[in-house]
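Please keep the structure open beside the text as you read.

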Amino acid sequence: MGAIVFVGVALVAALAIGRNDGSDSAAGTDASGDPIAQVADVDVSGEPLASYPDGATPGDPASDPAVGTVAPTLTGTDFEGNEVEIGPDGTPKVVLFLAHWCSYCQRELPTAVELMNSSDMPDGLDVYAVSTAFDDTRGAADPSDWFLAENWEGPVIRDTATAEAYFSHGGAGFPFAVYLDGENQVLFRTSGELGIDAMTAFWLATAQS
């Protein structure tokens, strides 16, 4: 599965210390010429998922209690302020939770872009990104610049400064992915860098649900 970076108390502390709202640290500007905010409000509707257990087997309800339960609907905005909703819309979907400072995420995002632009991209599958755990003290590119540089063309939601979207889906590591059927029920969850082969397999299984 690749290297896994687990977070807990340390992430909560990082989210609370040395952070502003992103509005005065972004290199880019929005359509109005204002600095791009790297975090934003997110509405979480529904019960949060159980935390992803250490050593869980993806798709196994015996080791991941979230399998078969309904993920909360997320309603937020992208870096341009457009509303993005991730909810039960009849289409299977993958939700990628990515932190801009995470070296594994920095490899996983271009891998996802590669798959989305390849002939192996499954039909009938939506892929969303959630930019989470923003930390302007780590010396990494701001999320808005990072997603642009990696040519991400899919929908993206800015998480809150306290990573509400991430924790509502039981986040326990980076990168973290949640795979949902058309009714927003959890099929799989994975934590850690997958690489192209495993990513393709999980995306195909999700599309076929």
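The report below goes from the overall layout to the sheets, the cavity and a few backbone details.

## Ground rules

This is a predicted model, in which local features need pLDDT of at least 70 and side-chain atom pairs count only at pLDDT 80 or more, while totals for chains, interfaces and linings use all residues. Residues are numbered from 1 along each chain as its sequence is written, and side-chain values use heavy atoms, with hydrogens and water left out.

## Overall layout

The protein has 5 helices and 8 strands. Both are DSSP runs numbered from the N terminus: helices are H or I with at least four residues, and strands are E with at least two. Along the sequence they follow the pattern α-β-β-β-β-α-β-α-β-α-β-β-α.

Of the 209 residues in the protein, 51% are buried; buried means under 20% relative accessible area, with exposed over 50% and partly exposed in between, using a 1.4 Å probe and protein chains only.

## The three-stranded sheet

An open sheet of 3 strands has the order S1-S2-S3, with antiparallel pairing. Strand S1 (43–45) and strand S3 (83–86) each have a single partner strand, so one side of each is left without a neighbour in the sheet. On average, neighbouring strands of this sheet are turned by 15° against each other, direction ignored. Angles here run from 0 to 180 degrees between N-to-C directions, and the axes are lines fitted to C-alpha atoms, for helices over the stretch in contact.

Two strands count as paired if DSSP finds at least two bridges between them. S1 and strand S2 (residues 73–77) pair in the antiparallel sense over 3 bridges. For Asp43, the bridge partner in S2 is Thr75.

## The five-stranded sheet

Another open sheet holds 5 strands in the order S6-S5-S4-S7-S8, and its pairing is mixed. S6 and S8 are the edge strands, each pairing on one side only. From one strand to the next, the twist averages 15°.

Strand S5 (residues 126–131) and S6 run parallel and are joined by 3 bridges. Ser131 stands opposite Arg158 in S6. Helix H5 lies across strand S4 (93–98), S5, S7 and S8, and runs at about 165° to S8.

## The cavity and its lining

How many cavities of 30 Å³ or more does a search of the whole structure find? There is 1, and the largest cavity contains about 60 Å³ of space. A cavity is a set of points on a 1 Å grid over the protein atoms alone where a 1.4 Å probe fits but cannot get out, and its lining residues have an atom within 4 Å of a point. Grid points are joined across faces, edges and corners, and the volume is the space filled by probe spheres set on the points.

The lining of the largest cavity consists of Leu96, Glu108, Pro175, Phe176, Ala177, Tyr179, Thr190, Gly192, Leu194, Met199 and Trp203. Strand S7 (176–180) and helix H5 (196–207) are the elements that give two or more residues to this lining, and S7 gives the most, with 3 residues. By type, the lining divides into 8 nonpolar, 2 polar and 1 charged; Ala, Val, Leu, Ile, Met, Phe, Trp, Tyr, Cys and Pro count as nonpolar, Asp, Glu, Lys and Arg as charged, and the others, Gly among them, as polar.

## A closer look at Thr190

Thr190, one of the lining residues, lies in strand S8 (residues 186–191). Its relative accessibility is 2%, so Thr190 counts as buried. Leaving aside neighbours within four places in sequence, Thr190 is in contact with Tyr52, Pro58, Pro175, Phe176, Ala177, Tyr179 and Phe202. The C-alpha atoms of Thr190 and Gly59 are separated by 9.0 Å, although the two residues are 131 apart along the chain.

## Backbone details

Pro175, also in the cavity lining, lies in the loop between helix H4 (164–168) and S7. The peptide bond from Phe174 to Pro175 is cis, with omega near -10°.

Ala163 is found in the loop between strand S6 (156–158) and H4, whereas Asn184 is in the loop between S7 and S8. Ala163 counts as buried because its relative accessibility is 0%, and Asn184 counts as buried because its relative accessibility is 0%.

Terms used
On a 1 Å grid over the protein atoms alone, a cavity is a set of points where a 1.4 Å probe fits but cannot get out, and a pocket is an open set with protein on both sides within 12 Å along at least five of seven lines; lining residues have an atom within 4 Å of a point. Contact means heavy atoms within 4.5 Å.
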